[in-house]
Amino acid sequence: MEIRRSPPSLTLVAVLLAVFAIHGGDCFYLPGVSPADFRLGNPLPVKVNKLTSTKTQLPYSYYSLPFCLPDTIIDSAENLGEVLRGDRIENSPYVFKMREPQMCTILCKKALDKQSADEFKEKIQDEYRVNMILDNLPLVVPLKRLDQENFTLYQHGFRIGLEGQYPSGGKDGRYFINNHLSFVVKYHNDLQADTARIVGFEVKPLSVKHSYDGEWNGVQTRLSTCDPHANQLVTNSDNPQEVDDKQEIIFTYDVQFKESDVKWASRWDTYLLMTDDQIHWFSIVNSLMIVLFLSGMVAMIMLRTLYRDISKYNQLETQEEAQEETGWKLVHGDVFRPPTNSDLLCVYAGTGVQFFGMILVTMIFAVLGFLSPSNRGGLMTAMLLLWVFMGLFAGYSSARLYRMFKGTEWKKITLKTAFMFPGVVFVIFFVLNALIWGEKSSGAVPFTTMFALVLLWFGISVPLVFVGSYVGFKKPSIENPVKTNKIPRQIPEQAWYMNRAFSILIGGILPFGAVFIELFFILTSIWLNQFYYIFGFLFIVFLILIITCAEITIVLCYFQLCSEDYLWWWRAYLTSGSSALYLFLYATFYFFTKLNITKVVSGILFFGYMLIASYAFFVLTGTIGFYACFWFTRLIYSSVKID
């Protein structure tokens, strides 16, 4: 058996192709999106993808189990996103020909030994599913819902087998393999061109212990349990195929072709059918109520309280009267004093801008349909490339803030911006990848891809951060609207509800509350192997998140300044950034209530990846809150007369 592998350079080529695909949608077909026309009898390439399980979250290559093999195993070229997701797309021994039905085609016969039987049993016990692809459409198992007769659910992939007992009774704990597959290929006919396009790929898996008379004659053997000559099909089996040592398994399949009214452009609609859109609308309405409440608070502060305060401050005629006043004006001489660890604040603010730019552009591409599931791995590839190119804005933002704080060593702050967040994420990712590699899973990122990631980081992102920092540092410094006193003002004792930790934790609840319903669907799509394609809803929720983070930070910042506490810089960042803590706590709740993960390694993977996601969410929301508060303080202190 010969195995061909894609050369390592294909990973880098795929990155460049993805750039063209993303930035030149009008000039290039997106990968996997151009339609393929098939005439009668044309071969249909059936490909196998990874084996997946929601119990272990560890994908494996299809040929890691002793299934039937083609003459030569050929890996399809994968883009960066596919490799990171653990997708391994390879050819299969299944032979389909357009509109030529097949009945009980023998694939091969396998004699199991103890090792191969144990491998099958382990995967069946962990509820692994086989994923296959035909014309870029994933294989699905249609299931009728009991409460809705006319509605069909689609499960991705089919179970390798089942654990239980024989239909006639017996001991539990036996393992049965789905060795007979009844495929249904749906096609849409083009009568004028006499061609057809594939619009559906379904399967009904069955377990049947095949039998035959006489000697085994390969694929020409005539089975007594499934005979195309006698028009005998397998519809159900009272004698399923058990997996055990010294068992012989005969793999067979049927292929049916059904004409469909579904057009090629709409073929993904059934896969992406949203049955819970009312919940998403409830999420939007819930989030909008939070936004309206906060907007009312901000409007009251800006239009009533601040207007009254500014008018009163500007009408004071004597210094004695000014000294008698209390409130946010009293701290004008300290409010723009550089905070402690100002370098770190600059780094996180710059990284947050990089994240914001990446997510905003990704969302726009996704809403426009460029990153549909048909473009497999496109979403992750786009996010990585955009993160790399947004390094320009990260360097610019951190340098501008650093210059305002009277910093002089711009190269030092640039290095921290380029390496701090990506470095932490890369270390966690490397450790998790080592664990996946130890489990011999196909989800482990190969060395060549690791090298490609490091090349993108050091070769593109870091230089762009330096370019942005150089441009930002050369610009004139941002001038504060009021002068800073040489001697810091003493902060009076604060009320219990203005305690730093308390106000920060309270501030994170509302931004998290605005997104947590949508977060459930995102976690479900990631960890329960489902498609997520409601980017319209997600984009609205993202806009609501931005507004909520900005408004809650402004409200709490105003209360803080009125209490004559001028240490607002870090508190503004942490107020909205604390929503990441609630995200991680919710992920923990989701793990124990929705997932059925049993392996320790799988649990470590879940919490490791959710730690990365929470860290990124902290940087994003913290930056939004910080810049909103920065704009607010500059606005109010530039509106009063300071002697």
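**Salt bridges, a helix and a cavity**

Mentor: By the distance rule applied here, the count comes to 12 salt bridges. Please keep in mind that this is a predicted model.

Trainee: Which parts of the chain does the salt bridge of lysine 109 and glutamate 248 tie together?

Mentor: The side chains of lysine 109 and glutamate 248 meet with an N to O distance of 3.4 Å. Lysine 109 is partly exposed at a relative accessible area of 27%, and glutamate 248 is partly exposed at 38%. The two positions are 139 residues apart in sequence, so the pair ties together strand β5 (residues 102–111) and strand β15 (residues 248–259).

Trainee: Is arginine 267, which forms a salt bridge with aspartate 135, buried or exposed?

Mentor: The closest N and O atoms of arginine 267 and aspartate 135 are 3.0 Å apart. This pair links distant parts of the chain, with arginine 267 in the loop between β15 and α4 and aspartate 135 in the loop between β6 and β7, 132 residues apart. Aspartate 135 has a relative accessible area of 17% and is buried. For arginine 267 the relative accessibility is 3%, and because the cut-off is under 20%, arginine 267 counts as buried.

Trainee: Which residues are linked with Lys599 in a network of salt bridges?

Mentor: Lysine 599 and glutamate 122 meet through their side chains at 4.0 Å, N to O. Lysine 599 is in the loop between α15 and α16, whereas glutamate 122 is in helix α3, 477 residues away. The network that includes Lys599 also holds Glu122 and Glu439.

Trainee: How many residues of helix α14 are buried?

Mentor: Helix α14 spans residues 569–577 and is mostly covered. Its buried residues include Trp569, Trp570, Arg571 and Tyr573, and the buried residues pack against α6, α8, α11, α13, α15 and α16.

Trainee: What is the relative accessible area of threonine 414?

Mentor: Threonine 414 is placed in helix α9 (residues 410–438). Neighbours within four places in sequence aside, threonine 414 is in contact with Val465, Phe466 and Ser469. Threonine 414 is buried, and its relative accessible area is 0%.

Trainee: How many charged residues are in the lining of the second largest cavity?

Mentor: The second largest cavity holds about 90 Å³ of space. Its lining comprises 13 residues, with Tyr62, Phe67, Tyr94, Asn178 and Phe251 nearest the centre. The lining divides into 10 nonpolar residues and three polar ones, and the number of charged residues is none.

Definitions and conventions. Residues are numbered from 1 along each chain as its sequence is written. This is a predicted model: local features need pLDDT of at least 70, side-chain atom pairs count only at pLDDT 80 or more; totals for chains, interfaces and linings use all residues. Side-chain values use heavy atoms; hydrogens and water are left out. Helices (H or I, at least four residues) and strands (E, at least two) are DSSP runs, numbered from the N terminus. Buried means under 20% relative accessible area, exposed over 50%, partly exposed in between (1.4 Å probe, protein chains only). Contact means heavy atoms within 4.5 Å. On a 1 Å grid over the protein atoms alone, a cavity is a set of points where a 1.4 Å probe fits but cannot get out, and a pocket is an open set with protein on both sides within 12 Å along at least five of seven lines; lining residues have an atom within 4 Å of a point. Grid points are joined across faces, edges and corners, and a volume is the space filled by probe spheres set on the points. Ala, Val, Leu, Ile, Met, Phe, Trp, Tyr, Cys and Pro count as nonpolar, Asp, Glu, Lys and Arg as charged, and the others, Gly among them, as polar.
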